[in-house]
Amino acid sequence: MDSFSESYAEARGKFLAACTEVGARVTSYPRDGLSGEAGEPLATDVACLGPEASARAAIVICGTHGSEAFSASAILTRWLQSRDGNAQGVRLVLVHAINPWAFSHRTRTDENNVDINRNFLAADVGPASENPAYDAVVHLLHADPSNAAGALELHRTYRAYFEAHGWALEGEIWQGQWHRPEGLMYGGQAPSWSNVTFRRILREHLSRATTIGFLDWHTGIGQFGEIVHLIFDAPEGMEHRAAAGWWGLAAKEDGAFKTGAKPKYRGLLCQAIRQERPDARIAGGVIEFGTADDYQIFRGDLIDRWLRFEGRDHPDARALRDAHVDICCPRDISWRRLVETRGPTLMDQLLAGVAEW
Ligand SMILES: [Zn+2]
């Protein structure tokens, strides 16, 4: 059966059926008060496998960015179907759709336009009050991208700006911003539902583990079909070495950005694991499947934001929404086959790594 789905509801159905098939213990966290694109109920579903009392655990997250969840959901479902739930002696926690509203509505951010992956600031770090790099190009980022030729021109201007000022400055945009609620990578002013729920999941399902490996699935960074590992720990530290070893990475292989360095992202979801479990040994990272070239990624991000605010009633709104999703999850059969085969293998490597660390 094809593990890819056309909607959140279909993806959820496939995931829950696969969980039943292998006897996974499922806990659902309903998203009360909101419904999906087709009026369906929304929830984050958490499946647990392997020995409950194990001190070694792995957590795999799908749907931090809603429109990237189609691939992540397919990987989790395919892993369950092909591995019969064998978690190699490790306690495995699968988090399906941590941002279910965004998955169903096929958009990156939550119902308040909060980018979940900028919402997990540590308790002692407040939201930044400004982001001058963002402001310098806001007229491009918030422009109308509905016309392809116009969007190409916007991208040319955007590129020219950073060619002139240095790509490191673009990294400051990607760090997140907290002063434009209608903007891209908006981190929000308070913990979002996904934030509160993810912390609850960590407390309810990972409290016994003292060694934790994590993997948060994303798409978009990298060339078409390229697998990009983002490990956020210092390269010389044991956590970085551990995760890089699990996935067989050379020392410098992770985080290949055109800027030459990873942006100093703030408020990432995976940072919550350490915030909640400061006593545990924790390693892991984000894994991205590359989907498209820079221009398409740029236009896709702009379309997603613009449709949420200015372009809601545009006659091509539906087609533009589809275009955004296709950039996050290409229909190309060889790309999908790569995700379905390499994704579960990368999960196996995480489990084997945690078992031996
Ligand atoms: Zn993402």
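Visitor: What share of the 357 residues in the protein is buried?
Guide: Buried residues make up 48% of the 357. A residue is buried if 20 or more other C-beta atoms, placed from the backbone, lie within 10 Å of its own C-beta, exposed if 12 or fewer do, and partly exposed in between. The model is predicted, so local features need pLDDT of at least 70 and side-chain atom pairs count only at pLDDT 80 or more, while totals for chains, interfaces and linings use all residues. Residues are numbered from 1 along each chain as its sequence is written.

Visitor: How do you know whether the radius of gyration agrees with that of a compact globule?
Guide: The rule for a globule is 2.2 Å times the number of residues to the power 0.38, and the radius is taken over C-alpha atoms. For 357 residues the rule gives a value near 21 Å; the protein has 19 Å, so the two agree. The C-alpha trace spans about 55 × 45 × 40 Å along its principal axes.

Visitor: How many helices and strands are there?
Guide: There are 13 helices and 7 strands.

Visitor: Which residues of α2 and α13 meet?
Guide: From α2 they include Ile 75 and Trp 79, and from α13 they include Val 339 and Met 347. Contact requires C-beta atoms, placed from the backbone, within 7 Å of each other. By class, this contact has 6 nonpolar, 3 polar and 3 charged residues. Nonpolar covers Ala, Val, Leu, Ile, Met, Phe, Trp, Tyr, Cys and Pro; charged covers Asp, Glu, Lys and Arg; the others, Gly among them, are polar.

Visitor: What makes α9 and α13 oblique or roughly perpendicular?
Guide: The axes of α9 and α13 come within 8 Å and cross at roughly 130 degrees. By the cut-offs for angles, α9 and α13 are therefore oblique. Their contact is made by Ala 242, Gly 245 and Trp 246 of α9 with Gln 349, Leu 350 and Gly 353 of α13. It has 3 nonpolar, 3 polar and no charged residues.

Visitor: Which residues of α9 are buried, and what covers them?
Guide: In α9 (residues 238–246) the buried ones are Ala 242, Ala 243, Ala 244 and Trp 246. Their cover includes β7 (281–289) and α13.

Visitor: How do you know whether Asp 84 is buried or exposed?
Guide: Asp 84 has 10 C-beta neighbours inside 10 Å, so it counts as exposed. Asp 84 is in the loop between α2 and β4 (91–96), and it has a positive phi of about 55 degrees although it is not a glycine. Most residues other than glycine have a negative phi.

Visitor: And Met 185, buried or exposed?
Guide: Met 185 has 26 other C-beta atoms within 10 Å, so it is buried. Met 185 lies in the loop between α7 (167–174) and α8 (193–205), and its phi is positive, near 55 degrees.

How values were computed. Two residues are in contact if their C-beta atoms, placed from the backbone, lie within 7 Å. Helices (H or I, at least four residues) and strands (E, at least two) are DSSP runs, numbered from the N terminus. Axes are lines fitted to C-alpha atoms, for helices over the stretch in contact, and angles run from 0 to 180 degrees between N-to-C directions. Angles under 35 degrees count as roughly parallel, over 145 as roughly antiparallel, 65 to 115 as roughly perpendicular and the rest as oblique.
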